Amino acid sequence: SSQEDRRRDPNGRRDLSRHPEFSTPKDEEEEWIAKLLMRYLNLAVDNAPISASDDNLISLGNGRARINLAQSHFQMLAGVCVEYCVTTRRLDLLFGPIFRRFQSVGYTAVFLDVLEPYVLNDRLSYIAPEVMSYFVEHCKSNNGVATVERCLLHMDCTIMDFDSIIALLRNNDMYSAMFFVFNQGLNDYVSPLQMLLERVFDEADAGNALVRRSSERKRQNDFDRFGYKAILYLRFCMEGKSFPKEEKILPEEMQASVKPELLTFLTQATYSPPSHAPRKRSGDTAERVGHRSYLYPYMRLLVQVDPSLLFETISTGFSGNASYEQQQEGTVNYPREQEIVDLFTTMIFPELSEVPTEQIKLFKSRQATGAFLDFTAKYITRGLVRANKSLTYLIAKRISDRFAANANNPTARRAAQVQIMELLSALPRESYEPDKVLALIERAGIHRAALLLHQQVASSWQDTTGADDIELRARHFCSAIDCFIDDDDKEFRLEVFDYIRKECTGFTRDSKSGEGNSQRALAHVVYSRFRRLVRLDALMTARLVAELFVEDFDVVVESLEDGDGGEGQFLFLQPIMSGELLEVDPVAGSVLNPSMDHHLKYLSLMAKLHPEQVYEYLSKHDNYRAEDALKLCEQYQIADASAYLLERMGNISSALQLILQTLEGRLMALKRTLRGMELNMLNHHLLRFGPNKDAGINQLPNKQAQEGEGVQRILVVALDLCERNSGSYNSQAEHGSQLWFNVLDRLINAKGFLRLANEQREHARMMEQVLNDLLRLTMQRMVSNVPLLDLVRKVTSDHSGSRLAELREMVMSLVGTYRFELNLFTKAADAFHEDIASMKNSRADLVKKAASVAKNHLNIPQDDLNSDESTFFIDGETKGIVFDSNGTQSSKQTQSGLKQTLSRLRDRRQASSNTRPLPESSWNDVGAISETDRKYHEGRLEPVVCQHAVGILGEAHHRGRLISFD
């Protein structure tokens with residue numbers, strides 16, 4: 001009857017012409033050939049070898065198996081019959097008399113084995129129901145039902161007997177083939193899923209759904225196996241593909257209807273038995289027991305299989321929702337995102353549902369809860385779903401927990417942060433409890449999400465005239481600033497300055513309105529956070545003060561006074577006092593005008609916190625009182641800065657004496673530090689550089705290097721003082737060179753007051769190398785300020801009684817420094833002469849090519865000026881200059897006479913060119929000299945004009961003619 005129903009299909013979509021039952025009548029020749037085949041089959045069967053006899057087994061030798069002649073004979077016979085029937089499309093003959101003949105002699109298995117490759121190679125697309133039952137049993141006994149399913153995927157489902165094939169597939173759990181048969185044969189995508197879920201219901205009722213999965217368990221139970229197959233089938237259909245071939249579902253109308261039909265079936269509130277399933281005697285009421293009796297039984301069943309995979313599959317169905325829009329025009333309403341969320345809320349959180357239910361808690365409810373919350377959060381963010389406040393709080397809690405759990409995974413933390421920010425941005429503030437959610441987010445440390453909630457209050461301008469409202473806004477504004485500063489991203493932290501600027505713009509201290517009170521409250525919040533802002537970026541804090549709080553500059557400075565020992569004040573004042581603010585923002589730098597007291601405050605903080613910076617600051621600025629600065633420097637014992645101030649006050653000798661005393665003290669400290677080094681370490685350090693290598697200050701290890709840098713720094717201060725005052729004394733005072741000699745004497749005599757002779761050999765050797773470095777540095781600075789004769793006189797007079805070995809380093813430094821300068825100037829002179837020669841050659845080449853030469857009549861080669869002949873130079877502005885043999889410019893009378901001579905030569909050349917034109921080919925002979933010079937060398941002109949200066953010719957349009965004087 002099923003065949004007749006399909007045959008009466010009004011759409012006419014199924015082609016049944018290949019079915020044996022509806023095949024066309026055969027002619028006489030085909031019938032005659034079929035009779036010959038049957039006669040051949042009967043003869044071959046009657047004369048077949050007997051399989052039970054050992055004579056019919058042929059041994060292959062060497063212990064290998066023997067060939068059964070009877071088995072081989074019937075395989076050959078089955079191949080001939082199948083090949084003929086498939087080629088001639090005589091399936092009625094193949095599955096009728098031929099099959100029965102093989103069955104009668106007991107070789108049905110051989111016949112079925114021969115059928116299998118024909119089906120898999122798409123040559124046989126139909127098997128009769130009777131033969132199919134034998135084929136299934138045969139495959140089950142050998143290779144399993146997978147072979148049957150593979151064969152069914154290659155068969156034409158439109159000409160099958162569905163009643164028999166469906167019962168066969170259901171009884172043997174061949175659901176992949178069932179999907180294919182229903183989809184291709186009936187265009188039915190719901191019924192096979194419903195039949196598969198019946199099997200899953202049975203497994204769940206048997207208790208297999210409660211068996212905990214183990215990663216070590218290799219085999220799945222039937223509940224997992226069939227449940228995952230159902231979800232996989234749904235996934236394919238939601239993507240518009242057929243299962244299991246993954247081919248696109250055609251036509252497009254069918255593809256558009258599959259998703260809503262499947263979702264409608266899955267969202268049924270009650271169980272409905274499948275139409276193709278066998279009816280039970282007790283009726284529908286008795287069937288709704290166990291898992292079938294629950295509310296939304298199908299969704300609940302699949303959630304127990306794999307919640308994450310199920311929600312991902314449903315999301316796939318919602319993506320590209322054009323089919324839904326088309327279906328809404330019809331009479332049936334299909335489930336949308338909101339309906340799915342409400343369904344699962346009733347199922348997983350019955351206490352949050354508006355529909356009162358006695359829902360039993362789901363197995364693995366924790367996993368299902370997490371997957372559902374993630375699913376709901378995605379569609380809330382897209383604006384497609386609304387949830388109650390309790391559900392929204394649970395979603396925020398899940399995201400916050402995920403953020404906190406991934407402390408060592410920055411990527412996961414960023415994803416969670418973005419997710420909760422998108423969620424809060426998509427929801428109106430009334431749809432959740434802001435205080436509870438804010439406390440949850442702050443405990444998790446999601447600063448940007450907390451910032452979003454704080455800004456919603458801090459940036460509100462409505463109803464902020466009351467004291468409570470102003471306090472609330474200020475509190476959230478303060479927390480928003482903290483959220484900026486506490487963020488992990490440095491660039492994001494710096495955005496706090498723009499936020500403060502936006503919120504506090506328009507602040508005035510004298511405003512009495514409600515808005516002014518609110519702005520003053522925000523300003524006080526900023527004052528309380530200036531210390532954190534300064535540590536974040538002092539320069540941007542100074543710009544912020546210049547733009548918004550310039551009138552409260554003193555208040556800002558005072559707000560930074562306590563709590564950190566003045567470090568905040570120093571960081572804030574540093575960009576202002578150093579001029580960095582003025583360079584970056586001239587307007588802001590000019591607005592902030594710190595007083596002398598501010599400068600003194602900054603200097604005192606610098607002396608207290610960073611004494612090494614005082615000397616550089618004093619040497620570059622003069623906006624301080626020298627007396628007050630000197631007291632500070634003496635209070636904090638900053639020798640280099642104190643000496644500089646003494647110098648400014650005119651007491652140069654005291655300044656130098658203070659520096660030299662400090663130098664001695666630091667040398668002693670360095671000696672004590674070196675004495676504390678172990679001999680093994682010291683020997684290793686000396687051997688590392690070798691006896692002939694420099695192991696001085698720059699090569700000292702770690703702690704000793706710090707002391708060495710302090711010694712070198714104070715020496716540089718002394719040398720700077722000497723350099724500034726070398727020529728400042730008159731004839732009655734001490735000569736300027738004596739300042740240098742005082743430093744030099746102190747270094748030469750350092751071995752004495754350091755008592756290196758009493759030290760161990762290794763320590764003394766290291767200190768000597770340090771002193772040699774300092775002496776070398778001093779000599780390098782002296783050579784450019786002290787005459788050589790004074791240096792030689794100093795060595796020969798003051799140290800005439802010293803041994804040469806003691807002065808060796810000083811003499812070597814002196815000679816080496818002068819040798820270096822001599823070599824430097826020699827190389828510079830050689831490079832200068834080489835450049836001149838190169839320029840002359842290059843310009844000569846340009847003249848030969850008749851190219852334009854850059855005009856510059858002042859770049860005159862010295863060789864040309866020193867020649868015995870007068871030289872005539874031509875610039876690029878039609879003017880000429882004459883130089884005599886001494887290189888001085890000629891008088892105006894000489895130039896006037898030369899002008900007349902040039903005019904006479906021009907007239908003579910013009911007359912010559914009119915009487916005897918120049919051949920065209922002669923232009924190729926033009927070389928490095930002009931036409932007039934060439935005629936002169938040929939003896940045709942008077943020798944009035946001498947040679948031109950190479951490289952100082954005029955522009956290109958002056959070539960070939962003389963230049964007139966204007």
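How many aromatic pairs does the structure hold? The count comes to 32 aromatic pairs. Keep in mind that this is a predicted model.

**Aromatic rings**

- A pair of aromatic rings is described by the distance of the centres and the angle of the planes.
- Take Phe-102 and Phe-111: their rings sit 5.4 Å apart centre to centre, with 40° between the planes, and the pair is tilted.
- Phe-102 has a relative accessible area of 2%, so it counts as buried.
- Phe-111 is buried too, with its relative accessible area down at 0%.
- Phe-236 and Phe-243 make an edge-to-face pair, with 85° between the planes and 5.4 Å from centre to centre.
- Buried is also the word for both Phe-236 and Phe-243.
- Then there's one aromatic cluster built from Phe-311, Phe-318, Phe-344, Phe-349, Phe-372, Phe-375 and Tyr-379.

**Helix H11 against helix H14**

- Helix H11 covers residues 222-238 and helix H14 covers residues 297-305; their axes come within 9 Å and cross at roughly 110°.
- Angles of 65 to 115 degrees count as roughly perpendicular, so H11 is roughly perpendicular to H14.
- As for handedness, H11 passes H14 in a left-handed crossing.
- On the H11 side, the contact is made by Phe-223, Gly-227, Tyr-228, Ala-230, Ile-231 and Leu-234.
- H14 brings Leu-301, Leu-302, Gln-304 and Val-305 to that contact.
- Sorted by class, the H11 contact with H14 has eight nonpolar and two polar residues, and no charged ones.

**Helix H22 against helix H23**

- Helix H22 (residues 447-458) and helix H23 (residues 467-485) have axes that come within 8 Å and cross at roughly 155°.
- Angles over 145 degrees count as roughly antiparallel, which means H22 runs roughly antiparallel to H23.
- H22 and H23 have a left-handed crossing.
- From H22, the residues making the contact are His-447, Ala-450, Leu-451, His-454, Gln-455, Val-457 and Ala-458.
- From H23, they are Leu-472, Arg-473, His-476, Phe-477, Ser-479, Ala-480, Cys-483 and Phe-484.
- By class, the contact of H22 with H23 comes out as nine nonpolar residues, five polar and one charged.

Terms used: Residues numbered from 1 in each chain as written. Predicted model: local features only at pLDDT ≥ 70, side-chain atom pairs only at ≥ 80, totals over all residues. Heavy atoms only, no water. Axes fitted to C-alpha atoms, helices over the stretch in contact; angles between N-to-C directions. Helix = DSSP H or I, 4+ residues; strand = E, 2+ residues; numbered from the N terminus. Parallel < 35°, antiparallel > 145°, perpendicular 65-115°, else oblique. Left-handed = near helix turned anticlockwise from the far one by under 90°. Contact = heavy atoms within 4.5 Å. Nonpolar A, V, L, I, M, F, W, Y, C, P; charged D, E, K, R; others polar. Phe/Tyr/Trp six-rings, centres within 6.5 Å; stacked < 30°, edge-to-face > 60°. Buried < 20%, exposed > 50% of the residue type's maximum accessible area, 1.4 Å probe, protein only.
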